[in-house]
Amino acid sequence: AGEKATNKAIDLLSNSSLKVQIVRLPVEHDPDSFIRENGLEAFKELLTNADSIIDYKLKQLKSKFDLSRSNELIDFIMACCLILKDLNPVEQEIYTQKVSEISGIETNVIKEQLGKLKSQPKTKNVPPIIKHDIPKSKPSQSRARRVPKELVEAQNIYLSYCLKHPEFIISSKITEEMLVGKFYKWLFRHIKDSDLNNLTLEEIDKNNHDYLEKYLQFKNSSKESNYSIASQAIEVIKKYYRQLEVSKLEAALKNDDKENQQNLFDKILNLKKADWVNQ
């Protein structure tokens, strides 16, 4: 509650001529209780060490992200850049150095990203990572291994439509690597090659036998889907594929040399932009 109130006050006062600073008190205290318990001099010391608006926002962001995880480190850098991009050159230089010290990312990489943000047209679609109510991240080791129900359903809808309209595979610009699951990849490949009608249980090897049986079940249970629904399914498939690619690039970013860091960072940013625009 205190952070939300502070952020609202910052929004109201940041365009004024006032020099705004923020004092952080222990969670259990307000100014009155703090002075009663610790004395006036202790409170004056807090005032002396008050944060500027930018310092406060950077500390706030740091507490929201686990910077030991590549994906959260990238989101932290992006959130910081969105805060710093409208500062004057002197302020930008000072706070870029601070972000570099906090994150371990070199200042020239951060500056290059700032330059790209400043050259972009303003958009109403603000990435969620800079909202005031950012939830604390909860690490999940199994998250990447589980196939979301939304993706499974989207693949079912997409491939059901492709069974009746094989030409849709080309126009959809979906590739085999975008699909998750060996059966879905197998089915996609055979629809694309138009050879499903030529397959029989007796003619194929043991490896494909189970897939063909599953295909026959799939074909009989497929729901009717139209072009509009299939197109929506494509967007879901592409969204999850982008997320998978981001995970791979983040792993590479963690282990790669610093010379290639900016290249990987740009690729991750471009993939994430597509998700931000579609939100």
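The expected span of a helix is 1.5 Å times one less than its number of residues. Helices here are DSSP runs of H or I, at least four residues, numbered from the N terminus. This is a predicted model, where local features need pLDDT of at least 70, side-chain atom pairs count only at pLDDT 80 or more, and totals for chains, interfaces and linings use all residues. Residues are numbered from 1 along each chain as its sequence is written, and side-chain values use heavy atoms, leaving out hydrogens and water.

Start with α6, residues 89–103. Its 15 residues reach 21 Å from first C-alpha to last, close to the 21 Å expected at 1.5 Å a residue. Gln 92, Tyr 95, Thr 96, Val 99, Ser 100 and Ser 103 are buried in α6, meaning under 20% relative accessible area, with exposed being over 50% and partly exposed in between, for a 1.4 Å probe and protein chains only. These residues sit on the same side of α6, because they cover an arc of only 150° around the axis, taken from the directions from the helix axis to the C-beta atoms. On the other side of α6, Val 90 and Glu 101 are exposed.

Last, a loop residue. Lys 173 lies in the loop between α9 (168–172) and α10 (182–192). Its phi is near 60°, a positive value in a residue other than glycine. Is Lys 173 buried or exposed? Lys 173 is exposed, with a relative accessible area of 64%.

Definitions and conventions. Helices (H or I, at least four residues) and strands (E, at least two) are DSSP runs, numbered from the N terminus.
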